[in-house]
Amino acid sequence: VEAWPRIMAPIAVTVTVVIKEDMVERFLEVMKEDVVGSLERENGGCVRFDVLRDPSVPNKFMFYEMYVDSDAMARHKETPHYKAWAQFKEDGGVLSQEAVKFEAVYGGGL
């Protein structure tokens, strides 16, 4: 298996968040729309979007997102479904957030 050339490497991001306990249901609704919008309405720019919950901390989540390139990731941040997530954060639903951006080296599915 050969590594992707850096100039063509897909971009991935992991985001770990702790959500206010009384806003978890709203968070899940917002993230469902973000996932569906990203995978179905971004013309292939987003190739993976997973939302995972920590089983020992029910208001802690991690998202894993992968985009074909940095332009696709930038376009994602202009969409209505992303803006709903940004509004959720502005409304105070996120107690803490850590995001880390990666370049893909090996993988499949693209």
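1. Contact here means heavy atoms within 4.5 Å. On that basis, residues 24 or more positions apart account for 71% of the contacts in the protein chain with a separation of 6 or more. The model under discussion is a predicted one.

2. Concerning secondary structure, the protein chain holds three helices and four strands. Read from the N terminus, the order of these elements is β-α-β-β-α-α-β.

3. On overall dimensions, the radius of gyration of the protein chain is 14 Å, which agrees with the value near 13 Å that a compact globule of 110 residues would have. Along the principal axes, the C-alpha atoms fill a box of roughly 45 × 30 × 20 Å.

4. As to surface and burial, 35% of the 110 residues of the protein chain count as buried. The accessible surface of the chain amounts to about 6900 Å², and carbon and sulfur atoms contribute 52% of that area.

5. The largest pocket has a volume of about 220 Å³. Its lining comprises 17 residues, of which Val 13, Val 15, Glu 65, Lys 77 and Tyr 82 are the closest to the pocket centre. Two or more lining residues come from each of β1 (11-19), α1 (24-41), β3 (60-67), α2 (70-76), α3 (80-90) and β4 (94-103). Sorted by class, the lining of this pocket consists of ten nonpolar, two polar and five charged residues.

6. Is Arg 41 buried, partly exposed or exposed? Buried requires under 20% relative accessible area and exposed requires over 50%; Arg 41, at 46% relative accessibility, therefore counts as partly exposed. When neighbours within four places in sequence are set aside, Arg 41 is in contact with Glu 33, Val 36 and His 81. Between Arg 41 and Asp 69, which stand 28 residues apart in sequence, the C-alpha to C-alpha separation is 16 Å.

7. The second residue is Glu 103, which has its place in strand β4. Its relative accessibility is 39%, so Glu 103 counts as partly exposed. What distance separates the C-alpha atoms of Glu 103 and Ala 74? The two residues lie 29 positions apart along the chain, and their C-alpha atoms are separated by 15 Å.

Conventions. Residues are numbered from 1 along each chain as its sequence is written. This is a predicted model: local features need pLDDT of at least 70, side-chain atom pairs count only at pLDDT 80 or more; totals for chains, interfaces and linings use all residues. Side-chain values use heavy atoms; hydrogens and water are left out. On a 1 Å grid over the protein atoms alone, a cavity is a set of points where a 1.4 Å probe fits but cannot get out, and a pocket is an open set with protein on both sides within 12 Å along at least five of seven lines; lining residues have an atom within 4 Å of a point. Grid points are joined across faces, edges and corners, and a volume is the space filled by probe spheres set on the points. Ala, Val, Leu, Ile, Met, Phe, Trp, Tyr, Cys and Pro count as nonpolar, Asp, Glu, Lys and Arg as charged, and the others, Gly among them, as polar. The radius of gyration is taken over C-alpha atoms; the globule rule is 2.2 Å times the number of residues to the power 0.38. Buried means under 20% relative accessible area, exposed over 50%, partly exposed in between (1.4 Å probe, protein chains only). Accessible areas come from the Shrake-Rupley method with a 1.4 Å probe; for residues, only the protein chains shown count as cover.
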